[in-house]
Amino acid sequence: MVTSVRILWRPFGFSRILFKVENYRICESEPLTPLAWASQLPKLSRAPGIFLLDQNKRFSTMPEIETDQRDSELFSPPSNVRGMTKLDRTAFKKTVTIPVLKVRKEIVNKLMRSLKKAALQRPGIKRVIEDPEDEGSRLIMLDPYKIFTDDSFERAELGILKQLNVNPQISKYNLELTYENFKSEEILKAVLPEGQDVTSGFSRVGHIAHLNLRDHQLPFKHLIGQVMIDKNPGITSAVNKINNIDNTYRNFQMEVLSGEENMMTKVRENSYPYEFDFSKVYWNPRLSTEHSRITELLKPGDVLFDVFAGVGPFAIPVAKKNCTVFANDLNPESHKWLLHNCKLNKVDQKVKVFNLDGKDFLQGPVRKELMQQLGPLSKERKHSVHIVMNLPAKAIEFLSVFKSLLDGPPCSTELLPIVHCYSFSKDPNPAQDVQRRAGAVLGISLEACSSVHPVRNVAPNKEMLCITFRIPAAVLYKNQTPNLENHDDPPLKRQRTDK
């Protein structure tokens, strides 16, 4: 049987216009699916809110046909913001049509539990609003990608609606979206040139958002900075790194993109508070897990030499475990804040702080302490000695200081210091690369007597790693002959932590 139809246009619930479609028929045996209509009514594909009126005068709502109304573009900012470099929040206003279900207000809570799948899933938008035409009713916002007609409800949902005496007829509601309704990545994707990478991530350092923008993003840098502040509670300043980290003091120049220029900040890492001037010291929140991992390796009574201590993220947690800590940093600002943070965390009596070049620290205070720790009374010692060298760009070069550093007869193997040395690698096999380079500096093979822990991916094809090994006696002591191929120390097992 063939039924002729008329199509009724009802834009946003206002005036109705009757369109007549000539020479068009639909077989009742054919399901009225969106795909069928899209192929058979291309001229109407831009008409949202189409209703069908058949010969029996029954109305049913058709699904939206417009392609960009059926994908994520529905909740994207308006296209006219493309290329904006100075943030204009008012330009992000947009009206979208959302399906709604009218219900009595007293059953809303009970009904919402059963309509979780059908309800609108959009953060920041209320799913239940007042009915402007009826104080005793509420409108439930529904997912425009799932609900098109009353037939779109699942059988269980229809059963609940019937049980609560709710008419399943779908209406349409004009929802106004503003700047506040869009996520940061949605805003930046709409503003930046199409196809360009969008930066929505950053390192958070207290109240500061630290970005690392690429060249194509620089024309939009002030807008990006303001969006980061707007969309992240507690962020009041956005900065961008404008040069590489200086290998001398491990800090970098930065430009304030938006917000406060105050770089004095407070952070909490692994329950320990730190305070410092972010513009003058090195701090990387991405290393919190690594700080914790090394801390877990030490036991109360152990000794830690932190060669490049920064403001204390290794030294302070280790000191809290009742370990003896010698912490050093060449940067006067880092030294200043290291002292401050030791007092802040009440470990200033357990940490000896130095302001020396790394080599001078190793050849001076470290050598002196090792001579005592590994001396004739060392057999009575039950604690371990660890040396942390977190300067990935250059730390491996400092390993040469350990060659013939100590005098006298070697101590037993199990008492020799354990080194945790950080490095970057762009090699296809970064672990072998780090072992090879560290071994070359020491003049001994480390392949069979070291472990390499991957820390993080710094950039495409650039890894940060930590190589851990016990310094061979043949390297550490004078008048010893290193075995260039290998030595007898067993490899250090990678210790498991909870982090």
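A nonpolar core is here a set of buried Ala, Val, Leu, Ile, Met, Phe, Trp, Tyr and Cys residues joined through side-chain atoms within 4.5 Å, where buried means under 20% relative accessible area with a 1.4 Å probe and protein chains only. The model is predicted, so that local features need pLDDT of at least 70 and side-chain atom pairs count only at pLDDT 80 or more, whereas totals for chains, interfaces and linings use all residues. Residues are numbered from 1 along each chain as its sequence is written, and side-chain values use heavy atoms, with hydrogens and water left out.

The protein has 12 helices and 23 strands, taken as DSSP runs (H or I, at least four residues, for helices; E, at least two, for strands) numbered from the N terminus. Buried residues make up 48% of its 499 residues.

The largest nonpolar core holds 42 residues, of which F305, M389, L399, F402, V419 and L476 touch the most other members.

Leaving aside neighbours within four places in sequence, F402 is in contact (heavy atoms within 4.5 Å) with L362, I387, M389, V419, L442, I471, V475 and L476. A second, separate core of 38 residues includes V267, Y274, I294 and V455.

Note on methods
Buried means under 20% relative accessible area, exposed over 50%, partly exposed in between (1.4 Å probe, protein chains only).
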